[in-house]
Amino acid sequence: MRMTVYGNNATCPEADGACSCFLIEADGGRILLDMGNGSLAKLQKDIDLAALDLIAISHLHFDHFGDLFCAKYQLESRRACGEAIPRIPLLTPRLPAWARAELCTNDVFEPHVIEDGLRFRMGDAALEFIGTVHLVESYGVRLEAEGRTLAYSGDAGACPQLARVAAGADLFLCEATLTEGPCAEEGHHLRAATAGRLAAENGAKRLLLTHYHTPQAQTVLREARACFERAELTAIGKTWEVD
């Protein structure tokens with residue numbers, strides 16, 4: 001199993017950047033976790049959208065699903081021009097009516113609603129969704145394939161559920177939006193140090209930090225490593241083996 005990062009910026013894309021988007025390749029399948037704004041152009045450098053086997057969206061903030069709309073427009077246009085593109089399973093929290101009208105038409109996607117505790121299989125890969133605390137309904141994800149576990153925090157404030165997300169993960173992909181200081185309130189985002197503690201206290205083997213502001217990158221890394229030595233920063237376009 002391997003993961004390639006196509007977006008890791010916090011809140012909105014930086015210049016030539018992109019927000020949350022992660023491609024996992026396992027058991028011959030391609031699973032996309034989130035498709036934040038700016039990520040679509042990065043992703044298409046390496047993969048045809050029609051080659052995706054499943055898309056899962058952790059929560060309905062545009063820095064995590066904004067480019068899904070343009071992806072849908074591309075795929076439905078290609079289908080209308082005669083390409084035989086199968087429907088792609090799309091897992092999201094319950095969509096509001098306006099988003100459902102945009103995304104769940106013309107047979108581009110096969111929609112599924114995420115709820116806490118949902119388990120979904122794609123071939124030999126299994127995904128589990130764990131509800132967390134954020135400004136909107138949000139989920140952490142555990143993906144098991146090839147005897148390995150990749151865990152993804154999504155966006156979340158400090159909450160007990162994150163221990164379940166991180167537990168024993170071979171690779172824990174965790175948001176690290178905040179650094180230490182008077183403004184580091186963790187009601188809906190995490191401090192880098194908290195990401196490190198989650199990895200250390202719950203037996204994760206490696207920690208990848210995402211959803212951070214690039215000017216703070218080295219501070220994010222230093223604060224996370226103070227709690228968990230095997231912490232790394234994500235980088236757009238870089239691939240990690242989950243081993």
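In the predicted model, Phe-65 is buried, with a relative accessible area of 2%, whereas Phe-62 is partly exposed, with a relative accessible area of 46%; here buried means under 20% relative accessible area, exposed means over 50%, and partly exposed lies in between, as computed with a 1.4 Å probe on protein chains only. Residues are numbered from 1 along each chain as its sequence is written. Because the model is predicted, local features need pLDDT of at least 70 and side-chain atom pairs count only at pLDDT 80 or more, while totals for chains, interfaces and linings use all residues, and side-chain values use heavy atoms, with hydrogens and water left out.

A pair of aromatic rings is described by the distance of the centres and the angle of the planes. The structure holds six aromatic pairs, and one of them is formed by Phe-62 and Phe-65, which are tilted, at 5.4 Å centre to centre with 35° between the planes. Rings of Phe, Tyr and Trp (its six-membered ring) pair if their centres lie within 6.5 Å, and planes under 30 degrees apart count as stacked, over 60 as edge-to-face and the rest as tilted. Phe-62 and Phe-65 are three residues apart in helix 2 (residues 62-65), and therefore about one helical turn separates them; helices (H or I, at least four residues) and strands (E, at least two) are DSSP runs, numbered from the N terminus. Ring pairs also link Phe-62, Phe-65, Phe-69 and Trp-98 into a cluster.

Seven strands form an open sheet in the order 6-5-4-3-2-1-14, with mixed pairing, where two strands pair if DSSP finds at least two bridges between them. The edge strands, each pairing on one side only, are strand 6 (109-113) and strand 14 (239-241).

Within this sheet, strand 2 (residues 21-26) is mostly covered, six of its six residues being buried. In a regular strand the side chains alternate between the two faces of the sheet. In strand 2, Cys-21, Leu-23 and Glu-25 point one way and Phe-22, Ile-24 and Ala-26 the other way. Strand 2 runs antiparallel to strand 1 (residues 2-7), to which five bridges join it, and antiparallel to strand 3 (residues 29-35), to which six bridges join it. Glu-25 is the bridge partner of Arg-2 in strand 2, and the bridge partner of Glu-25 in strand 3 is Arg-30. Two residues lie between the strands in the hairpin of strand 2 and strand 3, where Asp-27 takes a positive phi near 50°.
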